[in-house]
Amino acid sequence: MTSSAGPWSALSRNNTQGAANGREIVARDPQRQAAFYRRLCNWEIERELMSVDYVHGYSAKESSRLTDQATTLTELLHAGTRYPPASRVLEAGCGVGAQTVILAGNSPRAAFTSIDISGESLAEAGRQAQQAGVANVTFARADIFDLPFVSAYFDHIFVCFVLEHLRNPAGALKALMRVLKPGGSITVVEGDHGSAYFHPDSDYARRAIECLINLQQQGGGDPLIGRRLYPLLGQAGCRDVRVSPRMVYADGSRPALADGFTRKTFTAMVEGVGEQAAGQGMMDEASWAAGIKDLYRAADEDGTFCYTFFKAVGLR
Ligand SMILES: C[S@@+](CC[C@H](N)C(=O)[O-])C[C@H]1O[C@@H](n2cnc3c(N)ncnc32)[C@H](O)[C@@H]1O
């Protein structure tokens, strides 16, 4: 267990004293809560943050895509994830808070610490949390590979759509395991872009998806990581690992899913790397446009789209 300084290691304690005091106040006052989040988001942890080539970038469009994704997939991804009152949960790589508001809303009496390497995303996450009236989250800028927390502090850890972007996902899991209590759980949710298939089939669309896969691999990430979660968690020292594949299937009878997932999540994600793909001459302009058009086509009334996420839970 920890000292009265809370989860923060001695190294970063000076940065967090105010936050610990503030936390008691902000829970009661929404305006001060907003100011508190802003302050937290502006923290500069006094060390160099590891740089990553994040293929999707940090644009407003990408923020809105992440929010659409989280909202559309709420039931599919969050079913089975509820944390007991008073438990301490670390959300690693919270981004713009799209999962945070769902997680914290589903377990309103658990205490969440949501971290990200991007101060800009954290600022947006703070706004999202405030808008959703979520008061059980503390945001902080931190690097998963250099966590500013004492060992064995958290009861649970949640990581969603982060490992696929890291050069060393196994190292990230090891770093996270350090701050997890013995007996605590780690939940990891990832996609696998190799699991996408659709009707009508299209060579152009498959090539466009392949561009996204190649670009992410070039950046050091693994867009096919879903299928690898079981061995990765095992290698990081997790026991009792269970992986549940969670398939999204959208057709004309599920127009909201076709819109929220096929169009606004998956196709928007592929479309987002268009410039990079063109810049590398991976596809000519006309073929790329045809690929994107065909992906949107799969969201039409007579189109279908299938994709599988993987949710793994292991214990320390
Ligand atoms: C695809 S976003 C996912 C965000 C959120 N979990 C969600 O599902 O909407 C990946 C996030 O991981 C963050 N990230 C990448 N590397 C990181 C690191 N080393 N430490 C902390 N966060 C990191 C990125 O800044 C980005 O916000």
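Helices here are DSSP runs of H or I with at least four residues, strands are E runs of at least two, and both are numbered from the N terminus. I'm keeping that in mind for every element name below.

**Entry 1: what I'm looking at**

This is a predicted model. I looked up the overall make-up, and the chain has 12 helices and eight strands. Buried residues come to 46% of the 316 in the chain. I also checked how far apart in sequence the contacts reach. Taking contacts between residues at least 6 apart, 81% of them join residues at least 24 apart.

**Entry 2: confidence**

The pLDDT averages 85 over the chain, and 79% of the residues score at least 70. Residues 1-5 stay under 50, and there the model has four contacts beyond four places in sequence. Residues 10-52 are also below 50, yet this stretch has 52 contacts in the model beyond near neighbours in sequence. Where pLDDT is low, the predicted coordinates should not be read in detail. I'm leaving those contacts alone.

A86 has a positive phi, about 75 degrees, without being a glycine. A86 sits in the loop between α4 (74-78) and β1 (88-92). Is A86 buried or exposed? A86 counts as exposed because 9 C-beta neighbours lie inside 10 Å, and the exposed class takes 12 or fewer.

D240 is another non-glycine residue with positive phi, near 50 degrees. D240 belongs to strand β7 (residues 239-250). With 10 other C-beta atoms within 10 Å, D240 is exposed.

I noted a cis peptide bond too: H199 to P200, with omega near -5 degrees. P200 is in the loop between β6 (197-199) and α8.

**Entry 3: D155 on β4**

I picked D155, which lies in strand β4 (residues 154-160). D155 has 19 C-beta neighbours inside 10 Å, so it is partly exposed; buried would need 20 or more. Which residues does D155 contact, leaving aside neighbours within four places in sequence? They are S87, R88, V89, K181 and G184.

**Entry 4: the cores**

The largest nonpolar core has 55 residues, and I157, V159 and L176 touch the most other members. Not counting residues up to four places away in sequence, V159 touches A92, G93, L176 and V188. There is a second, separate core of 24 residues, with I209, L257, A258 and F261 among its members.

L257 is in helix α10 (residues 255-271). L257 counts as buried because it has 20 other C-beta atoms within 10 Å. Beyond four places in sequence, the contacts of L257 are T72, V248 and A250. I also looked up L257 to A299: 42 residues apart along the chain, with C-alpha atoms separated by 8.9 Å.

While on burial I checked helix α5 (residues 98-106), which is mostly covered, with seven of its nine residues buried. The buried ones in α5 are A98, Q99, T100, V101, I102, L103 and A104.

**Entry 5: what packs on α12**

How do the axes of α8 and α12 cross? Helix α8 (residues 203-218) and helix α12 (residues 285-297) have axes that come within 7 Å and cross at roughly 100 degrees. That puts α8 roughly perpendicular to α12. From α8, Y204, A205, R207 and A208 take part, and they meet S287, W288, A290, G291, I292, D294 and L295 of α12. By class, that contact has seven nonpolar, two polar and two charged residues.

Then α10 against α12. Their axes are 10 Å apart and the packing angle is about 175 degrees, and α10 and α12 are therefore roughly antiparallel to each other, since anything over 145 goes in that class. In α10 the residues involved are R263, T267, V270 and E271, and they meet I292, L295 and Y296 in α12. An α-helix has 3.6 residues a turn, so residues three or four places apart point the same way. I sorted the contact of α10 with α12 by class as well: four nonpolar, one polar and two charged residues.

Technical notes: Residues numbered from 1 in each chain as written. Predicted model: local features only at pLDDT ≥ 70, side-chain atom pairs only at ≥ 80, totals over all residues. Axes fitted to C-alpha atoms, helices over the stretch in contact; angles between N-to-C directions. Parallel < 35°, antiparallel > 145°, perpendicular 65-115°, else oblique. Contact = placed C-beta atoms within 7 Å. Nonpolar A, V, L, I, M, F, W, Y, C, P; charged D, E, K, R; others polar. Core = buried A, V, L, I, M, F, W, Y, C linked by C-beta atoms within 7 Å. pLDDT = per-residue confidence, 0-100.
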